Amino acid sequence: MTYTFARSMELFSRAAKVIPQGIPGHLTPVFTVPGSYPYFCSHAKGSRFVDVDGNEYIDYMCAYGPMILGYANEKVDEAYRVQAARGNCLSLANGLSVELAELIVDTVDCADWVMFAKNGADATSMAVMLARGYTGRDIVVLAEGGYHGTQSWAGTNHVGVTARDRADIVMVPWGDPDALRRVVGRHKGSVAGVMLTPYHHPVFEDQRLPDPGFWPEVRRICDEHGIVLILDDVRAGWRLDMKGSGHFFGIRPDLACYSKAMANGYPISALVGVERLRITASKAYFAGSFWCNAPEMAAAIACIEEMKRIDAPRIVSELGAKLTNGLAERARANGLEVVISGPPAIPFMRFASEKNFLRSQLFCGECAKRGVFFHPHHNWFVSAAHTEADIERTLEVADVCFGIVKDRFGS
Ligand SMILES: Cc1ncc(COP(=O)(O)O)c(C=O)c1O
């Protein structure tokens, strides 16, 4: 018996009348695999969520990254609840902001100071402003296929983003220090910042880990030209290393951006920086009505302490290795070859014999109908709440679904 989605579809037909596109943002793969995915969730606990039809899923999207300790984690939720009862959105910053900043400075190796916001995009936008403020220059270099949020400076070819919005953005291929050196040379004296993710995690493509010489060369180029090096660690942050993904790959950025895993799903982000940017940061004008909300700060403290206590990066890496090794094995046993890329905790899988993702869509859709939630085009996330039993069940489902792919496509 596979899942059906009658209630999801009924809600979607109502949503389409009152919400453009029916669903805010991109939070469903149903648009690429119609009929195989739910449109709406109901509730979640640990590694699993339940959709509005009552179907349960082992979730490898983890809310696209924020869920690291498991849905409805008791320690984090309790910390949130206690502070929410004491005060939420207040007229002054809460004392917890100091405690949280101290914790992050003690945890992340490139953090001499911290500024808080809500979304990852707030942190990346603050980083761009600081790089420009510090250097007095305009140009920011980004990597092709990278993602830093949907704000207009970061978007490509999106509705309403004009050429002027992007006038001071220059793109380079990720992982190519020669290309970076050429671009910096071409815009000599005008580049304020280089913003890169710690490894390349584009959609629809294999994930790329840095070659050993990449980060030292990027650091050298930035130092030679007085450029601020910004690490966008919003997606990978605290899934690879509690000291930050910069530490994991041996790079010390000038600024680094955190959000997703910071409070296990409560909305908060942080821009951290090194000493020499402190004065610029103290002069910059960043604020938001909800940026000082205290319960999210309490949740972030509980989440970071818990991630450190259990060594979450080690757990997700080991579970991710079990999952990805198991998937490769089951694919082979079914006469198929898959390519798995990225860190095991944040893996991406595609079928070696195709570029059009039809096999991935069929595989992931069939898995969803059997209670395993993968995305066909986007990297997945493993959490510390996934269990060995979850992985075993996932591999049983994957076995069946690889068989379906083999029957439909042959290889
Ligand atoms: C690397 C990276 N940077 C920035 C962002 C933007 O974060 P948010 O969606 O919280 O604004 C994301 C979100 O997926 C991301 O993956």
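Student: In this predicted model, which residue forms a salt bridge with K75?
Tutor: A salt bridge here needs a side-chain nitrogen of Lys or Arg within 4 Å of a carboxyl oxygen of Asp or Glu. For K75, the closest N and O atoms of such a pair are 3.2 Å apart, and the residue that forms the salt bridge with K75 is E306.

Student: How many residues apart are K75 and E306?
Tutor: K75 belongs to helix 2, which covers residues 74–86, while E306 belongs to helix 9, which covers residues 294–310. The pair therefore links distant parts of the chain, and the separation between K75 and E306 is 231 residues.

Student: Is E306 buried or exposed?
Tutor: The term buried is kept for a relative accessible area under 20%, and exposed for one over 50%. E306 has a relative accessible area of 10%, so E306 is buried.

Student: How far apart are the closest N and O atoms of D206 and R350?
Tutor: D206 and R350 form a salt bridge, which requires the nitrogen and the oxygen to be within 4 Å. The closest N and O atoms of D206 and R350 lie at a distance of 2.6 Å.

Student: Which parts of the chain does this pair of D206 and R350 tie together, and how many residues apart are they in sequence?
Tutor: D206 sits in the loop between strand 7 (191–196) and helix 6 (214–225), whereas R350 is in strand 12, residues 348–351. The pair thus ties together a loop and a strand, and the parts in question are separated in sequence by 144 residues.

Student: Which residue forms a salt bridge with R314?
Tutor: R314 is partly exposed, since its relative accessible area is 41%. With the closest N and O atoms 3.6 Å apart, the residue that forms a salt bridge with R314 is D311.

Student: Leaving aside neighbours within four places in sequence, which residues is I169 in contact with?
Tutor: I169 lies in strand 6, residues 169–172, and counts as buried because its relative accessibility is 11%. Apart from those sequence neighbours, the residues in contact with I169 are R132, V140, L142 and W153.

Definitions and conventions
Residues are numbered from 1 along each chain as its sequence is written. This is a predicted model: local features need pLDDT of at least 70, side-chain atom pairs count only at pLDDT 80 or more; totals for chains, interfaces and linings use all residues. Side-chain values use heavy atoms; hydrogens and water are left out. Helices (H or I, at least four residues) and strands (E, at least two) are DSSP runs, numbered from the N terminus. Buried means under 20% relative accessible area, exposed over 50%, partly exposed in between (1.4 Å probe, protein chains only). Contact means heavy atoms within 4.5 Å.
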